[in-house]
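Subject: Handing over the structure

Hi,

Here is the structure I promised to pass on.

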Amino acid sequence: MRKRLLGITATALLLPATAMAAEHGFTWFQLLPEGGHFAPMYAAVTIALLLVVISVLAVSSKKTAEMVIPDPSFTVRNFFELILSFLAGIGDDILGHHSKKYMPLLGSCFIFILFMNLLGLIPGFLPPTSKMNITIGLALVIFLSTHFFGVKENGISYFKHFLGPYMPLAPLMLPIEIISHLARPMSLSLRLFGNISGDHAVVAGFMALVPFVVPSIFMGLGVFVSFMQAFVFTVLSMIYIAGAVVHEEEH
Amino acid sequence: MTDKDDRRSFYRELGRYGALGIEMSISVVIGMAIGWYLDRWLGTAPWLMVVWIGFGFAAGVRSLYRAAIQAQREADKEEKKDGKPGGD
């Protein structure tokens, strides 16, 4: 009963704040120095620090031997383990048996993007991923590490697959391969940016029309979109890394 | 194939084939951008842009082809697994 009352009070307090935030484009990060320009960067750095603090808190209180025993109730650590075991299963499917090597990058990518997306649902905050420069940064990390892993696994012969399977056609295949490799970070960043800013615009639009009940439906949709986009980003990164690392006759 | 495997492969394929459309269109745009800058550099407007739009389109088709090959390989694997005696 008390919990429900608290929930209702919180909602009543938050709704006008959300409407205010949506209409004036106000975010709390604007109060920081140079906040007008760097608000998305502040938000992204805050999320990163938050994740570091959470993981340190989860790990530091335990010895290594205790880490294998799962927590008895639903804790933050169990939540992260649920997400990561799901990702690790998919990574096994796509990357094969050496997927463990790439999971630190991909898992932190997923959680970082997920929390940046979810930040947009809190009143008074904009999701950093609704700014193109943040998503391009994320996609560039994936792009560079894909080729880094490719060179690391296959040596210099990694660049041979840019020339295509048939040598006389190599001058034709080289520009085609270069374009299709450049299209990957572009499509990754554009998709994430478009979905998140679109979702945010829908919530803001309905908030301006009906600042009651209706926006919460679209906020529920926003939670789904946040999960889905973080997931799609990670799965595509896995597929790209798999394409660079696994050498077969046809990539 | 269990229910969990089914759901997992569904999500994976959703990501993989959902990416194709945007990748095809962006390939053409990137090809066009490369062609435009080369034209400006070499002063051969508009010919290199036309050629590189062609390359961009080919790159889009190439990523479609790559996905088709991958899908074919996976279907073969599935068939082999299902057809195996004693398999489910």
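Let me begin with chain A. Of its 251 residues, 41% count as buried. Bear in mind throughout that this is a predicted model. Chain A has seven helices and zero strands, so if you walk along from the N terminus, the order of elements reads α-α-α-α-α-α-α. Take the contacts in chain A with a separation of 6 or more: 70% of them come from residues 24 or more positions apart.

Chain B has 88 residues, and buried ones make up 27% of them. You'll find two helices and zero strands there. For chain B, residues 24 or more positions apart account for 55% of the contacts with a separation of 6 or more.

Now for where the two chains meet. On the chain A side, 30 residues are in contact with 24 residues of chain B. The area buried between the two chains is about 2,500 Å², and carbon and sulfur atoms give 69% of that. As for polar links, I have three residue pairs in polar contact between chain A and chain B, with both residues at pLDDT 80 or more. Which elements of chain A give two or more residues to the side that touches chain B? They are helix H3 (76-95), helix H6 (170-209) and helix H7 (214-245). H6(A) gives the most, with 14 residues. Sorted by class, that side of chain A has 19 nonpolar, four polar and seven charged residues.

The count of salt bridges between the chains is two. One of them pairs B:Arg66 with A:Glu177, with the closest N and O atoms 3.3 Å apart.

One residue I'd click on is B:Ser27, which sits in helix H1 (residues 3-42) of chain B. Is B:Ser27 buried or exposed? It has a relative accessible area of 0%, so it counts as buried. A polar atom of the B:Ser27 side chain lies 2.7 Å from the backbone oxygen of B:Glu23. Leaving aside residues up to four places away in sequence, B:Ser27 touches A:Ile179 and A:Ala183 in chain A, along with B:Gly56, B:Ala59 and B:Gly60 in chain B.

Last, the aromatic rings. Searching the whole structure turns up eleven aromatic pairs over all chains. In one of these, A:Tyr102 and A:Phe149 have ring centres 4.6 Å apart and planes at 65°; planes over 60 degrees apart count as edge-to-face, so this pair does. A:Tyr102 lies in the loop between H3 and helix H4 (103-119) of chain A, while A:Phe149 belongs to helix H5 (residues 132-154), so the pair ties together parts that are 47 residues apart in sequence. Both A:Tyr102 and A:Phe149 are buried.

Another edge-to-face pair is A:Tyr158 with A:Phe162, where the ring centres are 5.9 Å apart and the planes stand at 90°. The cut-off for buried is under 20% relative accessible area. A:Tyr158 counts as buried because its relative accessibility is 1%, and A:Phe162 is buried too, with a relative accessible area of 10%. There is also a cluster in which ring pairs link A:Phe79, A:Phe80 and A:Phe115.

Over to you, and enjoy looking around!

Cheers

Technical notes: Residues are numbered from 1 along each chain as its sequence is written. Chains are lettered from A and ligands numbered from 1 in the order in which they are written. Side-chain values use heavy atoms; hydrogens and water are left out. Contact means heavy atoms within 4.5 Å. Buried area is the accessible area (1.4 Å probe) that two parts lose on being put together, summed over both. A salt bridge is a side-chain nitrogen of Lys or Arg within 4 Å of a carboxyl oxygen of Asp or Glu. A polar contact is a pair of N or O atoms within 3.5 Å; within protein, one must be able to donate a hydrogen and the other to accept it, and residues adjacent in sequence count only if both atoms are side-chain atoms. Helices (H or I, at least four residues) and strands (E, at least two) are DSSP runs, numbered from the N terminus. Ala, Val, Leu, Ile, Met, Phe, Trp, Tyr, Cys and Pro count as nonpolar, Asp, Glu, Lys and Arg as charged, and the others, Gly among them, as polar. Buried means under 20% relative accessible area, exposed over 50%, partly exposed in between (1.4 Å probe, protein chains only). Rings of Phe, Tyr and Trp (its six-membered ring) pair if their centres lie within 6.5 Å; planes under 30 degrees apart count as stacked, over 60 as edge-to-face and the rest as tilted.
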